[in-house]
Amino acid sequence: MSEVLELHAHVEGEGPDLLMLHGLFGSARNWLSLQRVLAKGHRVHALDLRNHGQSPWAEAMDYELMAADVAHYARQHCAGAPVVLGHSMGGKVAMAMALIDHDWLAGLIVVDIAPVENPPTLSSVLAAMMRVDPSRTSRRQEVSEWLAADVHDERTRAFLLQNLVTADGALRWRINLPAIERAMPGILGFPVTLAGARFDGPCQFIAGARSDYVQAVHEPVIRRLFPNARLATISDAGHWVHADQPQAFLATVGETLVQWG
């Protein structure tokens, strides 16, 4: 098994521990505004997963490894069993953690993802990023223009550009694109090794009404793995539920955390 990595985290607040896990091509900074609100009642840890943000890179990348990274972080930095909240890929990491480590997790909040195979929508985005060499410029707008040939949505491009950093006067991607490319089939899926596992603790799924990542056909799989799961749908929200409807998202998360005590 690959070595467990020491993940970077941005931590705010005091109280029960809440871990927040971003999606593919994301980072801890995606949560900053929401983290600030949730930190009024919790000690909120926004983590960079392996090969993302400021966390270390590694050749190997799958859900068992990412779950082990986060579990290691939690045992090092949390006072007790944390609630883990994850969006998209981060949601699958959170689910894998719950199914592997049954006892130490206080609860699970999964945002717009199910423990099933996803369509290869983001594979084309990854390919577009790999075709761009940002070191040829020092201008983010120029990188955006290069991406625009394949990534037509301006909002998606803005999200991807958050992965640019400046080094020696030029730009570079701060995520490990080659490792992510190799891991992509597994990232799109969910570990078959966990098909017979279950997490009996509290679990809240939050879906966007305009997203197709969580569908009615997925509910039997969700309930087999997470028998105590509750499902909530937020109106007028797509896959990035927390960005589309932040107030409704915070209300749902806040109500869930209060109910769990």
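**Entry 1: strand E8 and its neighbours**

I started at strand E5 (residues 107–111), which pairs with E8 in the parallel sense over four bridges. I am working on a predicted model. I looked for the partner of Val110 and found Phe205 in E8. Then I turned to strand E9 (residues 229–234), which runs parallel to E8 and is joined to E8 by six bridges. Here Phe205 stands opposite Leu231.

Next I checked burial along E8. Strand E8 covers residues 203–208, and six of its six residues are buried.

**Entry 2**

I traced the strand order. Seven strands make an open sheet, E1-E3-E2-E4-E5-E8-E9, with mixed pairing. Strand E1 (9–12) and E9 are the edges; each has a single partner strand, so one side of each lacks a neighbour in the sheet.

Met20 has Leu85 as its bridge partner in E4.

What lies across these strands? I found helix H3 (residues 89–100) across E2, E4, E5 and E8. H3 runs at about 145° to E4.

**Entry 3: Val241**

I picked out Val241, which sits in helix H9 (residues 241–244). Is Val241 buried or exposed? Its relative accessibility is 0%, so Val241 counts as buried.

I listed its contacts, leaving out residues up to four places away in sequence. Val241 touches Val111, Asp112, Ile206, Ala207, Gly208, Ile234, Pro246 and Phe249. Among these, I took Gly208 for a distance check.

**Entry 4: helices H4 and H7**

I moved on to helix packing. The axes of H4 and helix H7 (residues 177–188) come within 11 Å and cross at roughly 175°. Angles over 145 degrees count as roughly antiparallel, and H4 and H7 are therefore roughly antiparallel to each other. From H4, the contact takes Leu122, Ser123, Leu126, Met129 and Met130. From H7, it takes Leu177, Pro178, Ile180, Glu181, Met184 and Leu188. I sorted these residues by class: nine are nonpolar, one is polar and one is charged.

**Entry 5: helices H5 and H6**

At what angle do the axes of H5 and H6 cross? For helix H5 (residues 140–147) and helix H6 (residues 154–161) I read roughly 130°, with the axes within 10 Å. H5 and H6 are therefore oblique to each other. The crossing is right-handed.

I wrote down the contact. Arg140, Val143, Ser144 and Leu147 in H5 meet Arg157, Leu160 and Leu161 in H6. By class, this contact has four nonpolar, one polar and two charged residues.

Last, I checked burial in H6. Thr156, Arg157, Phe159, Leu160 and Leu161 are buried. The buried residues of H6 pack against helix H4 (121–131), H5, strand E6 (164–167) and strand E7 (170–173).

Notes. Residues are numbered from 1 along each chain as its sequence is written. This is a predicted model: local features need pLDDT of at least 70, side-chain atom pairs count only at pLDDT 80 or more; totals for chains, interfaces and linings use all residues. Side-chain values use heavy atoms; hydrogens and water are left out. Axes are lines fitted to C-alpha atoms, for helices over the stretch in contact, and angles run from 0 to 180 degrees between N-to-C directions. Angles under 35 degrees count as roughly parallel, over 145 as roughly antiparallel, 65 to 115 as roughly perpendicular and the rest as oblique. A crossing is left-handed if the near helix is turned anticlockwise from the far one by less than a right angle, and right-handed if clockwise. Contact means heavy atoms within 4.5 Å. Ala, Val, Leu, Ile, Met, Phe, Trp, Tyr, Cys and Pro count as nonpolar, Asp, Glu, Lys and Arg as charged, and the others, Gly among them, as polar. Buried means under 20% relative accessible area, exposed over 50%, partly exposed in between (1.4 Å probe, protein chains only). Two strands pair if DSSP finds at least two bridges between them.
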